[in-house]
Amino acid sequence: MCRTPVSLFARLRAVVTILTATGPLWVTGLSAPRSVNAITSTAPPPAERPGIQELPRTSPLALETSGRAILEFGGRLLDPGGYPATVTGFERYLEDTGVEAVTADEMTRPNHPGIAAKLGYQEFLPPREWWTRGAALALLAQQIEERVSEPVRLRNWWRPADYNRHPGVGGAKGGDHPTAHAIDLDYSSVESRKRAERWLRDLDSRARWLELSLGLGAKSTHIGIGSPHGRREWHYAGWS
Ligand SMILES: [Zn+2]
């Protein structure tokens with residue numbers, strides 16, 4: 001997932017926050033991989049902006065699978081209703097949640113732009129009620145990218161039903177994408193996919209409540225969180 005100027009800015013902002021808060025001794029640690037806790041402790045405080053509300057761990061959203069997953073992955077639980085319902089608003093929401101490695105543009109860009117345009121879509125931005133699903137999946141993708149140490153490409157998140165069932169797209173009927181419960185990731189190598197898969201299996205065993213759905217290929221994985229179709233696993237040609 002390529003870093004855009006926006007996510008680089010978010011990273012710089014986080015660094016400035018660290019330096020301000022703790023002094024230059026932390027400089028030697030900046031090149032080390034960020035821990036989950038670092039996301040929580042270094043991101044700027046969105047609650048200082050009007051209309052942005054950080055939700056307590058006792059809020060109803062924190063009890064839903066996507067909200068709980070955001071907290072599990074070290075993110076901030078925010079009310080998406082405080083952001084404009086645009087790709088830019090979604091980008092701001094992701095950044096405030098603690099997402100740095102995935103952009104809103106990557107998450108909302110159609111994999112088949114020609115088909116999307118014919119159906120009247122420029123981008124795939126789901127209703128704000130579903131943004132927490134995207135944030136949880138983006139935080140998960142971020143953790144995977146840190147672990148495989150190679151670029152990971154996010155190919156699909158939400159696919160509207162009419163696009164999903166188009167023959168040129170070939171989305172599974174009753175799959176996880178029409179409700180924005182899953183992403184597809186492409187890896188640079190089979191070894192990276194295997195490393196990601198080992199980590200996902202470990203995550204699945206210690207957090208069954210995530211109800212992970214795993215579609216495994218040679219250099220790709222479909223990953224769903226809290227899908228209405230439940231916890232499950234399937235394999236594509238080339239997987240071993
Ligand atoms: Zn998929």
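## The hairpin and its sheet

In this predicted model, strand S3 (residues 213–216) and strand S4 (residues 220–224) pair in the antiparallel sense over four bridges, where two strands count as paired if DSSP finds at least two bridges between them. Helices (H or I, at least four residues) and strands (E, at least two) are DSSP runs, numbered from the N terminus. Three residues form the hairpin that joins S3 to S4. Within this pair, Gly215 has His222 in S4 as its bridge partner, and Leu216 has Thr221 in S4. S3 also pairs with S5, in the parallel sense and over four bridges, and here Ser213 stands opposite Arg232 in S5.

These strands belong to an open sheet of five strands in the order S1-S2-S4-S3-S5, with mixed pairing. At its edges are strand S1 (152–156) and strand S5 (232–235), each of which pairs on one side only. From one strand to the next the twist averages 20°. Strands of a sheet pair through backbone hydrogen bonds, either parallel or antiparallel. Helix H10 (residues 190–206) lies across strand S2 (182–187), S3 and S4, and runs at about 25° to S4; axes here are lines fitted to C-alpha atoms, for helices over the stretch in contact, and angles run from 0 to 180 degrees between N-to-C directions.

## The chain and the basis of the model

The protein chain has 10 helices and five strands, and residues are numbered from 1 along each chain as its sequence is written. Because this is a predicted model, local features need pLDDT of at least 70 and side-chain atom pairs count only at pLDDT 80 or more, whereas totals for chains, interfaces and linings use all residues.

Of the 240 residues in the protein chain, 36% are buried; a residue is buried if 20 or more other C-beta atoms lie within 10 Å of its own, exposed if 12 or fewer, and partly exposed in between, with C-beta atoms placed from the backbone. Among contacts between residues at least 6 apart in sequence, 63% join residues at least 24 apart, a contact being a pair of residues whose C-beta atoms, placed from the backbone, lie within 7 Å.

## Helices H4 and H8

The axes of helix H4 (residues 65–72) and helix H8 (residues 131–148) come within 8 Å and cross at roughly 35°. Their crossing is left-handed, a term used if the near helix is turned anticlockwise from the far one by less than a right angle. On the H4 side Ser66, Gly67, Ala69 and Ile70 take part, meeting Thr132, Arg133, Ala135, Ala136 and Leu139 in H8. The residues of this contact divide into five nonpolar, three polar and one charged, where Ala, Val, Leu, Ile, Met, Phe, Trp, Tyr, Cys and Pro count as nonpolar, Asp, Glu, Lys and Arg as charged, and the others, Gly among them, as polar.

Arg68 also has its place in helix H4, and it is buried, with 21 other C-beta atoms within 10 Å. Leaving aside neighbours within four places in sequence, Arg68 is in contact with Ala62 and Leu63. Arg68 and Thr132 are 64 residues apart in sequence and 9.7 Å apart in space, C-alpha to C-alpha.

Helix H5 (residues 87–97) is largely enclosed by the rest of the structure, because eight of its 11 residues are buried. The buried residues in H5 are Phe90, Glu91, Arg92, Tyr93, Leu94, Glu95, Asp96 and Thr97. Gly98, which follows H5, has a positive phi near 120°.

## Two loop residues with positive phi

Most residues other than glycine have a negative phi, and most peptide bonds are trans. Ala180, in the loop between helix H9 (161–164) and S2, has a positive phi near 65°, and this residue is buried, with 24 other C-beta atoms within 10 Å. Glu211, in the loop between H10 and S3, has a positive phi of about 50° although it is not a glycine; Glu211 is partly exposed, with 19 other C-beta atoms within 10 Å.

Definitions and conventions. Contact = placed C-beta atoms within 7 Å.
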